Amino acid sequence: MQKNAKSSLKDVIVVGFAMFAIFFGAGNLIFPPYLGMVSGQEWFKGFLCFMIADAGLAVMTVLAMIRYDGTVWSMLRRLSKPAAAVMATVAMLCVGPLLCIPRTCATTFEMGVLPLFPECSPWLFGALFFGAVFILTVRPSAVIDIIGKFLTPALLLTLAVLFVKGVIHPIGTISTAANVAQEGLLAGYQTMDVFGALAITLVVVNTVKDKGYNEEKLRFSVISKSSIVAALGLFFVYCALSFLGATSSELELGAVNQAGLVVTITELLLQRFGVVLLAVIVLFACLTTAIGLTSSSAEFFSRLTKNKISYPVMVGIVCAVGLVISTVGISTMIDFASPILNIIYPIILTQIILSFFNEKIANDNVYRGAAIGAFVM
């Protein structure tokens, strides 16, 4: 099917919105305000450094992945087939059912549900959350459209309410601070959105194919432009969140943590309505991320079993595992998975960077040496 300019633009926007929403999980919601608070008047510089280490690395990963048709093991293959299979599987387990997917449910429960319904059971909420994820994910061709057409606009609308109020009536004045570049880069690194990019690129590639972009050059063009749309969305949202955090830099908030700061800002701006609004924001942010990562994980592990376990069945398995793990709480999940992520993340970053020079590097030992060096450090 031949695509015209109008339909191509629509597809770019829908796919770009979906990518934005999947990257913008609740974890990403808590970093920019805290960065703004510690950066004070230098908040914009800190935000730019955050963008480089977060959205910059994520978009770079997508562009690297589409050169290998969206599959992780293809990009890692020059490490050796066994090493690529192990690395890809461990990365997808962490970004999928063992950490990132259950964390979306646990974050929604702890930040959005408990403040409003203190007696709610995590098992009951988890069943409702993953029931919705299953229903919205079981048809792989519809995942990106559901997120891009419906859930992302709802997320942006709720965020806009908070941003407009914060700009018109700031909660305080902005103080001075230092080390903003370092703070920004570290905060952007800690989001680990590269893993999100590793996970969703396969689904994005398949969706673009289903939309009729059968030529590799056309797919690359659509996904590249969609990545720019996602990056622009992240730019404006992170910028606004960093500014809101900066306006709290002179307030006496005590030893507030990152999640607590977001709750405090919304309450100061919108009182009780702010608590409800934050619950809606967190729900949409986590739901979109969970849908994207569940679809990606199910696609990956279904292919890993050579389709002996079908995609719909794998979606059910991922949701069931996510439900069980989500009940242990965010802190326990992070304590378990952080050491694994901290080891794998730098290794994968080296392979992503080297993949752009794939045609220029003849010796596979360059890839292996980079991986070993990152592992040792």
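I began with charge pairs and found that the structure holds 6 salt bridges; I note here that this is a predicted model.

I then looked up one of these pairs, in which the side chains of R67 and E359 meet at 3.5 Å, N to O. The two partners come from distant parts of the chain, 292 residues apart: R67 sits in the loop between α3 (43-65) and α4 (72-75), while E359 sits in the loop between α14 and α15 (365-376).

Next I turned to helix packing and looked up α5 (residues 81-95) against α10 (residues 193-210), whose axes come within 10 Å and cross at roughly 105°. Angles from 65 to 115 degrees count as roughly perpendicular, so α5 is roughly perpendicular to α10. On the α5 side I listed A91, M92 and V95 as making the contact, and on the α10 side F195, G196 and A199. Sorting the residues of this contact by type, I recorded 5 nonpolar, 1 polar and no charged.

For the elements that give two or more residues to the lining, I wrote down α1 (5-23), α2 (26-39), α6 (100-113), α9 (180-190), α10, α12 (258-304) and α14 (330-355). By type, the lining of the largest pocket divides into 18 nonpolar, 13 polar and 2 charged residues.

Technical notes
Residues numbered from 1 in each chain as written. Predicted model: local features only at pLDDT ≥ 70, side-chain atom pairs only at ≥ 80, totals over all residues. Heavy atoms only, no water. Axes fitted to C-alpha atoms, helices over the stretch in contact; angles between N-to-C directions. Helix = DSSP H or I, 4+ residues; strand = E, 2+ residues; numbered from the N terminus. Parallel < 35°, antiparallel > 145°, perpendicular 65-115°, else oblique. Contact = heavy atoms within 4.5 Å. Nonpolar A, V, L, I, M, F, W, Y, C, P; charged D, E, K, R; others polar. Salt bridge = Lys/Arg side-chain N within 4 Å of Asp/Glu carboxyl O.
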